[in-house]
Amino acid sequence: MSDGVLRLEGLRKSYNVGLPTEVEVLHGIDLKVGRHDFAALIGPSGSGKSTLLNVIGLLDTPTQGELYLLDRPTRAMDDDERTALRGSSIGFVFQFHHLIQAFTALENVLMPLMVTRGKPDADATERAWALLKAVGIESFAAKKPNELSGGQQQRVAIARALITRPALLLADEPTGNLDTRTAAETFALFRKFNEEFGCAVLVVTHDPRLSESCDRTINLVDGLIVSDTLNSRTGAAAGAGAGATGDRDDHPL
Amino acid sequence: MWIEANIAFKFLRQGRIQTALILVGVAVGVAVIVFVVALINGLQGNIIERTLGTQSHIRVQPPEEVNLRPSAPGSTIELLNEDKRPQRLRSINNWLEVQAALDGLPGLKAVSPMASGPGFARRGEVLRSVSLMGIDPARYERIIPIRDDIVEGEFRVGAGDAVIGKQLADELGVKAGNKLRLEAGQGRDAIVNVAGIFELGVRELDARFVYLDLTQAQALLALPGGVTQIDVTVNDIFAADVSSARIARLTGLKSESWMETNAQLMNALSSQSISTNIISLMVALSVAFGIASVLAVSVTQRTREIGILRAIGTTRRQMLGVFLLQGGLVGLVGSAIGGFAAYALVWLFNTIGPGLFYIPIGPVLIPASMALATVTGVLSAMAPAWRASRLDPVVAIRYV
């Protein structure tokens, strides 16, 4: 599988560059994510998970190294280019679902298309309905976010993240404030879209049960990837040589 | 643009109370501005109308007579004790040519020659000093529509007919159809028939003006064929000084606009205009700051939503647009409400107000105020919108 979605090369991220308080959070990350990967990013608090996710999501820029998204180098891009690439290739699911309160569920799902392409056409609206149906809340399409439960809102957020058919879905503690059952359902949705749409999924999670149900677990400690393993359940599916070695360089991508 | 407008509108609609409050603020501000401007315009229009209802916009007269003296040789100091010359009643040289020239000048509405001078009106034992004014009625009526002010008889001047003021008629005890003796000194006199009596509403004029046929006045005043002044009205009364200067340059005559003859009034009017403008500016400023502060609060409240919108592909420019549009929308809708309120106020003033004068509300005032308020709204939104567009999405999303 050479069709990589994401490639990080010697990526470093520092804050307060040039100030006495300069601090490096990511100390040289090399990582590849393939088109069908379903990976969990785990690590203790303060290890740099969120920073890494923000950099991967083109919300933040690396201080050193390069990030290739769909084989395009991104470090030299200006804000408009990064915004455009982000809008077209990346779907975000945040911990606190983060819907726009002034819009209905359906409009929230359509929002990524509306901000990049303007008024949605019939095709886009149909796709939004299909996604709402896929996440099981099409009957709530006309409701405002504050009329939905936490789980329902998170489903809307997932549908929104997928409306642009992104190559990469990033989720930051997506089940952090959901009960166990809802969390499991949400995760099942990620799995479903990973398989059906072939979009790579990278999930930051604290929950070991969730990370174990991913195909791959990337462990970040103190700004370095200390292990990158394929989980046994899907070892066969990921192809030969997936020996769960813990050495990230051996990852077969 | 569609999505920016959509988000702007939904944001405003969602922040219902804030939006309502700032709309009321804008509406009150615009209503005050529109009402005050209309009121002052009405008042000034009324004053000007009253002033110009009885006088021409520009009065062209012969140049003043001055002493001619030999110029002193260079580098000598000259001590001079000069007696000003008395200004005789003189005719404008070649006034027919001057009149023809003025008739062809653009911007002028009417040109009317007049031979006027002092005289007396006598009836029996009563003697009153008057202004004898010989006019060409057809031309003069376009300067002052005297026909509208006739209270008795008719406006007929010529062949021994005169039209006099109400006050004078009362003092002399004459009615339309009576005879009257006019004297202009040095034995020149005439008996005229009072054809009509007018009332301009200005006591001084109603007591002194005696309109005569031009020829008759020329005879009485010993100005055969001459006129002492040419009255001019212009299309744009506030450009009268410009036209006046032009006439003076063109003819070499003394030309005075109503603005010069009524300098005091002009002063009052322009002071009034300045204070109106200052009030409007202050109100507009407070409205602008109101819009800016409401939007600044809105940007803070929506920090997280702004972060999300940025994360899902909204550009900085679009974010800027969303908030500029909110400013513009608030300005537009608020000023529409305010304009309507001002219209209602003016209507109330005109219908059940003190009735001192009528406030006209032009077709331009309200649309212009709305356009201005919309632009002000957009400008006020600049600072908050800029802040929204510069928010770091990483920080914004985590904002609680």
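Reader: How many residues does the contact take from chain A and from chain B?
Author: This is a predicted model. On the side of chain A that touches chain B, α2 (79-89) and α3 (105-117) each supply at least two residues. The contact takes from chain A 22 residues and from chain B 20 residues.

Reader: How do the residues of the side of chain A that touches chain B divide into nonpolar, polar and charged?
Author: The side in question includes residues from α2 (79-89) and α3 (105-117) of chain A. Its residues divide into five charged, seven polar and 10 nonpolar.

Reader: Which residues touch the most other members of the largest nonpolar core?
Author: This core has 124 residues. Its largest share, 12 residues, comes from helix α2 (residues 16-52) of chain B. The residues that touch the most other members are A:Leu41, A:Val109, A:Leu168, A:Leu169 and A:Leu202.

Reader: Which residues does A:Val109 touch, not counting those up to four places away in sequence?
Author: A:Val109 is one of the residues with the most contacts to other members of the largest nonpolar core. With residues up to four places away in sequence left out, A:Val109 touches A:Ala128, A:Leu131, A:Leu132, A:Val156, A:Ala159, A:Arg160 and A:Ile163.

Reader: Is chain B more spread out or less spread out than a compact globule?
Author: Chain B has 15 helices and 10 strands. Its C-alpha atoms fill a box of roughly 105 × 65 × 35 Å along the principal axes. For 400 residues the globule rule gives 21 Å, and the radius of gyration of chain B is 32 Å, well over that value, so compared with a compact globule chain B is more spread out.

Reader: What share of contacts in chain B between residues at least 6 apart in sequence join residues at least 24 apart?
Author: Buried residues make up 40% of the 400 residues in chain B. Of the contacts between residues at least 6 apart in sequence, the share that join residues at least 24 apart is 81%.

Reader: Is B:Gly104 buried or exposed?
Author: B:Gly104 lies in the loop between α3 (95-103) and β2 (108-123) of chain B. B:Gly104 has 9 within 10 Å, so B:Gly104 is exposed.

Reader: Over which residues of chain A does pLDDT stay under 50?
Author: The mean pLDDT of chain A is 81, and 90% of its residues reach 70 or more. For the stretch under 50, the model has 26 contacts beyond four places in sequence. That stretch of chain A is residues 234-253.

Definitions and conventions: Residues numbered from 1 in each chain as written. Chains lettered and ligands numbered in written order. Predicted model: local features only at pLDDT ≥ 70, side-chain atom pairs only at ≥ 80, totals over all residues. Core = buried A, V, L, I, M, F, W, Y, C linked by C-beta atoms within 7 Å. Buried ≥ 20, exposed ≤ 12 C-beta atoms within 10 Å, placed from the backbone. Helix = DSSP H or I, 4+ residues; strand = E, 2+ residues; numbered from the N terminus. Contact = placed C-beta atoms within 7 Å. Rg over C-alpha atoms; globule rule 2.2 N^0.38 Å. Nonpolar A, V, L, I, M, F, W, Y, C, P; charged D, E, K, R; others polar. pLDDT = per-residue confidence, 0-100.
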